[in-house]
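Me: I have a protein model open and would like to know what stands behind the words used to describe it. Please go through them with me.

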Amino acid sequence: MADKKPWDRKDLRVDYLKFKRDIFPAVLAARRRAATCTIDALVVWTVMRSFIKGSYEAVLGIDSTGARQSERAGKPIDVETLLNLGEERLRLSPEQRREAFELCHKCRAEYDSKSLWDNGDLVLAIHSALGQASEEQRHAFETNCKFDKVYVDEVQDLTSAELALLVKMSASGILFLAGDPAQSVEEGVAFRFEDVRSVFYELTGRAPTKPLTLTLNFRSHTGILDAAGVWPAAALASTDL
């Protein structure tokens, strides 16, 4: 990943549609093995967005052994770290993980050749800048960029790296997060409330309270829910760190 990207150039930002339409086909064509590819564009996008760039391992520089490497903080994880992620987080075989990593690596090379970037690059760049900030810059961040309390809805559409920014932006350590994994609309976000707790713990050394489940619905009555055959449950997670 390039150290600097043209963040102000929105036309160079890659979202999933652009990735699926332009980037992934170009990588497959260059790879000359498109017929043998066992994973599709969405899987590769998810691995890149939620794990290679969007995991707390990438934010903190955690390697495959679980140790923190300061020089790797704010950078995409390597293949060994990807292979070491638990099956409950990433349900791909070792072979599929290696293939996904290879494809992601080539996609990132395609980005760099055209100065492209996505939200994962931007979030990691922010974490990296915070980690390398001078004392004066840190003071400015503490003074101007932090909030006493942080309230976030639709948290299921955020990666762990984005959640880590929320933790860093909380001056008081008080956050209130609400969401429902069943209502995710963002492609490529592999969200779990267990990962929210992991992010808080890895950044602060203290675990938040366990998520609460809402059982009272004000949007519709039981007849509609029974007919749909589903009871949406929005889980709440709060912490006072």
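**Reading the terms**

Reply: The accessible surface of the protein amounts to about 13,400 Å², and 53% of that belongs to carbon and sulfur atoms. Keep in mind that this is a predicted model.

Me: How do you know whether the radius of gyration agrees with that of a compact globule?

Reply: A compact globule with 241 residues would have a radius of gyration near 18 Å; the protein has 19 Å, so the two agree. Along the principal axes, the C-alpha atoms fill a box of roughly 55 × 55 × 40 Å. Of the 241 residues, 42% count as buried.

Me: What elements make up the protein, and in what order do they run from the N terminus?

Reply: There are 10 helices and 4 strands. From the N terminus on, the order is α-α-α-α-α-α-α-β-α-β-α-β-α-β. As for contacts with a separation of 6 or more, 68% of them are between residues 24 or more positions apart.

Me: How many disulfides are there in the whole structure?

Reply: The search finds 0. Cys104 is in no disulfide, and the nearest cysteine sulfur, in Cys107, is 6.1 Å away.

Me: Are Cys104 and Cys107 buried or exposed?

Reply: Buried means under 20% relative accessible area. Cys104 is at 0%, so Cys104 counts as buried. Cys107 is also at 0%, and therefore Cys107 is buried.

Me: What is the nearest side chain of opposite charge to Glu162, and how far away is it?

Reply: That side chain is Arg49, 4.2 Å away. Glu162 lies in helix α8, residues 160-168. Leaving out residues up to four places away in sequence, Glu162 touches Arg49, Val123 and Asp157. Arg49 can be on that list because contact asks for heavy atoms within 4.5 Å.

Me: What makes Phe147 partly exposed?

Reply: Partly exposed covers what lies between buried, under 20%, and exposed, over 50%. Phe147 has a relative accessible area of 45%, so Phe147 is partly exposed. Phe147 is found in strand β1, residues 147-152.

Me: Which residues does Phe147 touch, not counting those up to four places away in sequence?

Reply: They are Met169, Ser170, Ala171 and Ser172. The C-alpha atoms of Phe147 and Ala171 are separated by 5.4 Å, while the two residues are 24 residues apart along the chain.

Me: What is the phi of Ser115, and where does Ser115 lie?

Reply: The phi of Ser115 is near 60°, a positive value in a residue other than glycine. Ser115 lies in the loop between α5 (94-114) and α6 (119-131). At 35% relative accessibility, Ser115 falls between the cut-offs and therefore counts as partly exposed.

Me: What is the phi of Glu154, and where is the place of Glu154?

Reply: Glu154 has a positive phi of about 55°, although Glu154 is not a glycine. The place of Glu154 is in the loop between β1 and α8. The relative accessible area of Glu154 is 35%, so Glu154 is partly exposed.

Methods
Residues are numbered from 1 along each chain as its sequence is written. This is a predicted model: local features need pLDDT of at least 70, side-chain atom pairs count only at pLDDT 80 or more; totals for chains, interfaces and linings use all residues. Side-chain values use heavy atoms; hydrogens and water are left out. A disulfide is a pair of cysteine sulfur atoms within 2.5 Å. Buried means under 20% relative accessible area, exposed over 50%, partly exposed in between (1.4 Å probe, protein chains only). Helices (H or I, at least four residues) and strands (E, at least two) are DSSP runs, numbered from the N terminus. Lys and Arg count as positive and Asp and Glu as negative; His and the chain ends are not counted. A salt bridge is a side-chain nitrogen of Lys or Arg within 4 Å of a carboxyl oxygen of Asp or Glu. The radius of gyration is taken over C-alpha atoms; the globule rule is 2.2 Å times the number of residues to the power 0.38. Accessible areas come from the Shrake-Rupley method with a 1.4 Å probe; for residues, only the protein chains shown count as cover.
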